[in-house]
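Subject: Structure for your set

Hello,

Here is the structure for you to take over.

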Amino acid sequence: AGSGTYLIAKHVTINGEDFKKVGVKYKGKSSYKPSNAKNSLHLELNHVRDGQDYQGFTDILLNNAFADPSFIRDALGYSILREYMDAPRCNHARVWINGRFHGLYANVESVNKRFLRSRFGNADGVFFKCVPEHPGPKNMCTLTWLGADSAAYGGIYELKSRNGWKELLALITALGSKSAQLDRFLDVDRVLWMHAFNAVLLNLDSYSGNTAHNYYLFEDVAGRFLPIVWDLNMSFGTCAETEPGTLLALPALKMLTPLLHAENPARPLISRLLADPARRRMYLAHVRTLLREQLLSGSYKARARAL
């Protein structure tokens, strides 16, 4: 992937504000190729100089709009999602490198400790990035049981806090138990909003799709994990696989059921929650809300045209 060693840029200017000795590296997995003329970029403003930030931000994530010729799926998707749950902010950036215009990028807020403090009031809870190091059928963040040894989960879930494997295994165990009270382990309503968003916006490069990834888990002060959606460049039906090897054509995507994986034990974060009739009703109510407020109202079209 593109997550190599930082190079040190002698000089970076952001909207007229100058910074010295900034860490710069390529970022991305499927979006990164050494031969690309335009790869995604990660700028770390305080990599060398502590306390160096832009409007409080130390990390600048610039996405190259991989698989998104519209260039707006990230910004549009996150703007919709933020109406229903905490999610990154996103706008656009024009980028020059060594004095030459390099192109337009999606500028996405990093999900880091600053993000956690700004949204949840603290950044001390257990924190995982659910994006496998090597995505594949055997490396998916489905939250299914792989054994009691946390080493089995290490290449799949990236621990971003000092510790947390015990808590993650407790969540996975609860999802595999029909008798466990999931409200003790999960912010259930936020999870249902995530699933509803993925269903309505056809965001299948997610837990709901073939790779079951692209989200974070953060444990709040009540000891419950809550999800944070990540990476929306392939939302709005760009990714068309619900399971490995099941590439859907556009007519099938348009008719895709919102109850995808509801009976699939290999996706317990969906099937375990929707097995409860009250939660299923809550989830379908969220789906209807998104359909009514975003699609049927035409709101998403107006935002798309503005972008």
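Predicted model: local features only at pLDDT ≥ 70, side-chain atom pairs only at ≥ 80, totals over all residues.

Overall form

The protein chain holds eight helices and 10 strands. Its radius of gyration is 20 Å, close to the 19 Å that the globule rule gives for 307 residues, so the chain is as compact as a globular protein of that length. Taken along the principal axes, the box filled by the C-alpha atoms is roughly 60 × 45 × 35 Å.

Of the 307 residues, 49% count as buried. The chain exposes about 15200 Å², and carbon and sulfur atoms supply 52% of that area. As for contacts between residues at least 6 apart in sequence, 60% of them join residues at least 24 apart.

Cores

The largest nonpolar core has 64 residues, and the members that touch the most others are Leu143, Tyr157, Leu186, Tyr215 and Ile228. Helix H4 (residues 188-200) gives the most to this core, with eight residues. A second, separate core has 14 residues, among them Ile14, Phe19, Val22 and Phe57.

Which residues does isoleucine 228 contact, leaving aside its neighbours within four places in sequence? They are Asp86, Pro88, Val111, Phe115, Leu116, Phe120, Tyr215, Tyr216 and Phe218. One of these, Tyr215, is itself among the core members that touch the most others.

Helices

Helix H1 (residues 73-81) is mostly covered, with nine of its nine residues buried. The buried set includes the charged residues Arg73 and Asp74, and also Ala75, Leu76, Gly77, Tyr78, Ser79, Ile80 and Leu81.

In helix H3 (residues 165-175), the buried residues are Leu168, Leu169, Leu171, Ile172, Ala174 and Leu175. These pack against strand E7 (127-130), strand E9 (215-219), strand E10 and helix H6 (268-274).

Leucine 192 lies in helix H4. Is leucine 192 buried or exposed? Its relative accessible area is 0%, under the 20% cut-off, so leucine 192 counts as buried. Not counting residues up to four places away in sequence, leucine 192 touches Leu273, Leu274, Arg279, Met282, Tyr283 and His286. For a sense of distance, the C-alpha atoms of leucine 192 and tryptophan 96 are separated by 41 Å, and the two residues are 96 apart along the chain.

Backbone points to check

Two residues other than glycine have a positive phi and may be of interest to you. Phi of asparagine 15 is near 50°. Asparagine 15 sits in the loop between strand E1 (7-14) and strand E2 (17-27). With a relative accessible area of 72%, which is over 50%, asparagine 15 is exposed. Phi of aspartate 231 is near 70°, again a positive value in a residue other than glycine. Aspartate 231 is found in the loop between strand E10 (225-229) and helix H5 (250-254). At 22% relative accessibility, aspartate 231 counts as partly exposed.

Regards

Note on methods
Residues numbered from 1 in each chain as written. Heavy atoms only, no water. Core = buried A, V, L, I, M, F, W, Y, C linked by side-chain atoms within 4.5 Å. Buried < 20%, exposed > 50% of the residue type's maximum accessible area, 1.4 Å probe, protein only. Helix = DSSP H or I, 4+ residues; strand = E, 2+ residues; numbered from the N terminus. Contact = heavy atoms within 4.5 Å. Rg over C-alpha atoms; globule rule 2.2 N^0.38 Å. Areas by Shrake-Rupley, 256 points an atom, 1.4 Å probe, with all protein chains shown as cover.
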